[in-house]
Amino acid sequence: ERLAQRGGPPHQGTNLALAAVAADRLCELLGRPGPTSDQLLALAEHFEGLPSRHATVSLRGGIRWIDDALASNPFAAAAALDAVGAAPVAWLIGGQSREVALDPMCDALRRRGDAATLLSGLPDTGAEWCDRLAASLSEDRHRPHVGRAVRTRFVGSVAEAVSLVADAIPEGGAV
């Protein structure tokens with residue numbers, strides 16, 4: 001709430017809340033007193049996220065442009081998608097292959113339900129990841145509507161992806 005009052009984007013509040021819960025649990029496991037509410041509020045007043053981790057770099061035409069280059073593994077990428085909630089999203093995915101399971105990303109797409117999602121596959125792995133995620137969603141017989149809410153597009157570069165998704169995401173959405 002304090003971050004929102006300062007004009008911070010909601011996804012930063014989500015990250016801060018998760019960090020506070022993790023810090024509290026770690027203190028508990030170490031047998032130390034956890035942070036007080038006043039201490040957490042004081043930290044929230046001065047919270048600055050890591051560069052390239054859920055960092056809003058622009059708000060143009062009602063679309064939030066988020067730099068999340070540090071979401072370089074499926075769990076971080078899934079957390080990034082979860083953090084934007086049900087807003088329409090263009091999700092730029094890909095990069096170097098690390099031969100990782102995409103299950104966390106697929107689970108995050110399922111949690112979005114029928115929220116509009118455009119997967120823009122970047123070199124080197126983006127086309128393959130888009131295909132694997134779309135196939136996994138289409139095989140979900142319990143929630144077939146999720147697969148219909150996800151579209152895929154393959155692009156040759158980040159610059160190409162940015163120019164294509166700028167017109168594809170409505171006001172209130174995120175890239």
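The lining of the largest pocket holds 22 nonpolar, 7 polar and 4 charged residues. Here Ala, Val, Leu, Ile, Met, Phe, Trp, Tyr, Cys and Pro count as nonpolar, Asp, Glu, Lys and Arg as charged, and the others, Gly among them, as polar. This is a predicted model: local features need pLDDT of at least 70, side-chain atom pairs count only at pLDDT 80 or more, and totals for chains, interfaces and linings use all residues. Residues are numbered from 1 along each chain as its sequence is written, and side-chain values use heavy atoms, with hydrogens and water left out.

The largest pocket has a volume of about 820 Å³. Of its 33 lining residues, Asp68, Ala69, Trp91, Leu92 and Ile93 are the closest to the centre. A pocket is an open set of points on a 1 Å grid over the protein atoms alone, where a 1.4 Å probe fits, with protein on both sides within 12 Å along at least five of seven lines; lining residues have an atom within 4 Å of a point. The volume is the space filled by probe spheres set on the points, which are joined across faces, edges and corners.

Strand S3 gives the most to this lining, with 6 residues. Strands (E, at least two residues) and helices (H or I, at least four) are DSSP runs, numbered from the N terminus.

Two residues follow, both buried (under 20% relative accessible area, 1.4 Å probe, protein chains only).

| Residue | Element | Relative accessible area |
|---|---|---|
| Val89 | strand S3 | 5% |
| Ala80 | helix H4 | 12% |

Ala80 touches Arg53, His54 and Asp68, leaving out residues up to four places away in sequence. Contact means heavy atoms within 4.5 Å.

Notes:
Buried means under 20% relative accessible area, exposed over 50%, partly exposed in between (1.4 Å probe, protein chains only).
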